[in-house]
Amino acid sequence: MIGKVIRSVKITLPNPIGTTNPLMANSTSLPTIAPEVFPQQAPANGMFISLGPQHPSTHGVLRVAITTDGEVVTSAQPDIGYLHRATEKLAEKRTYPQIIVLTDRLDYLAAMTNNWSYCLAVEKLLGVAIPERADYLRIIVGELQRIASHCVFLGTYGIDIGAFTPFLIAFGRERERIIDLFEEICGARLTYNYIRIGGVMADSPDGWETKVSKFVKEMYGRIDEYDTLLTYNPIFMDRTKNVGKMSQEMAVAWGITGPNLRATGFKADVRKDDPYGLFSKMKFDIPVGKQGDCWERYWVRIQEMRESLKIIEQALAAMQPGETMGKIPKTFRVPAGEGYGHLEAPRGDLGFYIVSDSSPSPYRMHIRAPSFINLQVLQVLLKDWKVSDVIAILGSIDIVLGEVDR
């Protein structure tokens, strides 16, 4: 036989969202989509527009094939595959600790949460206990990562609409402060490899917690500045209010999670519905919108930044000195079986499903990437809106192509 011999492993697929998640109780039947061929020429009395894959407002190498009738979009098909990284297959040839560096490169604007979600899956298979201090450090860096990711969204979304100043402030000021903190604790500024199986790679350096606390206090005022500069800017509101509405039924049917789901009014968050780490001890609210338009998808993320600051304050106050790594040997084999770990990443429910055959590497690994799932709804969300609204709607979904083409 040519190639790899397929080993017999009994696989029972888990519920990727979790039986405790209210999404399952309110789910509707999935939409039926007729297979379509990407149009390569203009339809009768209309135009064909190939948006991307190099257009800066596609936020990566995404192509959206659009047909229009005048200025109105009649069909839209997201076309991916320009950045395929084969991460799930690469994992089959690497040991479990070596895979962490691959997760950094999925959603590269939220590498900390990628590390964390993957480690949760492996830790479930191993049955390892995480030291309390390591869990608090995970919460702190995870929520700092959420704020940093939303800062990139705020800045780039402002550029999408035509406002350049928010990018200079959110991306170049607040996000840089967070990246400086990450560099101090792990030595890296983008791909961190900080959260490890069993804990974290190192304890926080002297004075680091004080710097985090100072940043949190200052960040409350910075978010107020964002509201003045962009959130309630009349031009920004005119471009985003009542544009690209998504109903709760549509969001659930398409598997949408994260801020895009909560903007519809559906109150779902993995940190509350299926708590991981020490989130069951944290007190915070889940911001929700009402009608799921572009402005509310933006507004929910702004409110989430405030809630993340509250979580970080609680973690800093509760964290005590102690170990930062569980009892994990340098080399190990994961017992045969299946493990699924998921968490609330900045873009939604991020999960890693691992099948182990007790070898040093996973037999199979699959990633539930929220950007990939959230992107699919564009084919119905863009229809009947004008071409000028396409970028506003696409930007409000907040995708990262490294996670889409994983």
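Q: Which residues does Thr58 touch, not counting those up to four places away in sequence?
A: In this predicted model, Thr58 touches Leu51, Gly52, Pro53, Leu394, Ile399 and Leu401, with residues up to four places away in sequence left out of the list.

Q: And where is Thr58 found?
A: Thr58 sits in the loop between β1 (47–51) and β2 (63–69).

Q: Is Thr58 buried or exposed?
A: Thr58 has a relative accessible area of 0%. Buried means under 20%, so Thr58 counts as buried.

Q: What lies 2.7 Å from a polar atom of the Thr58 side chain?
A: That is the backbone oxygen of Gly60.

Q: Moving on to β2: how does β2 pair with β3?
A: Strand β2 pairs with β3 (residues 72–79) in the antiparallel sense, over seven bridges.

Q: Which residue in β3 stands opposite Thr68?
A: Val73 stands opposite Thr68.

Q: What about the hairpin of β2 and β3, how many residues are between the strands?
A: There are two residues between the strands, and Gly70 in this hairpin takes a positive phi near 70°.

Q: Change of topic: in what order do the strands of the open sheet with β7 run?
A: The order is β6-β7-β8, three strands with antiparallel pairing. Strands β6 (337–345) and β8 (364–368) stand at the edges; each has a single partner strand, so one side of each is left without a neighbour in the sheet. From one strand to the next, the twist averages 10°.

Q: How many bridges pair β7 and β8?
A: Five bridges join β7 (residues 348–356) and β8 in the antiparallel sense. Tyr353 has His366 in β8 as its bridge partner.

Q: Now the helices. At what angle do α4 and α5 pack?
A: Helix α4 (residues 111–126) and helix α5 (residues 132–161) pack at an angle of about 140°, and their axes are 8 Å apart.

Q: Why are they called oblique, then?
A: Roughly antiparallel requires an angle over 145 degrees, and roughly perpendicular covers 65 to 115. The angle of α4 and α5 is about 140°, and the two helices are therefore oblique to each other.

Q: Which residues meet in that contact of α4 and α5?
A: From α4, Ala111, Met112, Thr113, Trp116, Cys119, Leu120 and Glu123 take part; they meet Arg138, Ile139, Val141, Gly142 and Gln145 of α5.

Q: How do the residues of the contact divide into nonpolar, polar and charged?
A: Seven are nonpolar, three polar and two charged in the contact of α4 with α5.

Note on methods. Residues are numbered from 1 along each chain as its sequence is written. This is a predicted model: local features need pLDDT of at least 70, side-chain atom pairs count only at pLDDT 80 or more; totals for chains, interfaces and linings use all residues. Side-chain values use heavy atoms; hydrogens and water are left out. Two strands pair if DSSP finds at least two bridges between them. Helices (H or I, at least four residues) and strands (E, at least two) are DSSP runs, numbered from the N terminus. Axes are lines fitted to C-alpha atoms, for helices over the stretch in contact, and angles run from 0 to 180 degrees between N-to-C directions. Angles under 35 degrees count as roughly parallel, over 145 as roughly antiparallel, 65 to 115 as roughly perpendicular and the rest as oblique. Contact means heavy atoms within 4.5 Å. Ala, Val, Leu, Ile, Met, Phe, Trp, Tyr, Cys and Pro count as nonpolar, Asp, Glu, Lys and Arg as charged, and the others, Gly among them, as polar. Buried means under 20% relative accessible area, exposed over 50%, partly exposed in between (1.4 Å probe, protein chains only). A polar contact is a pair of N or O atoms within 3.5 Å; within protein, one must be able to donate a hydrogen and the other to accept it, and residues adjacent in sequence count only if both atoms are side-chain atoms.
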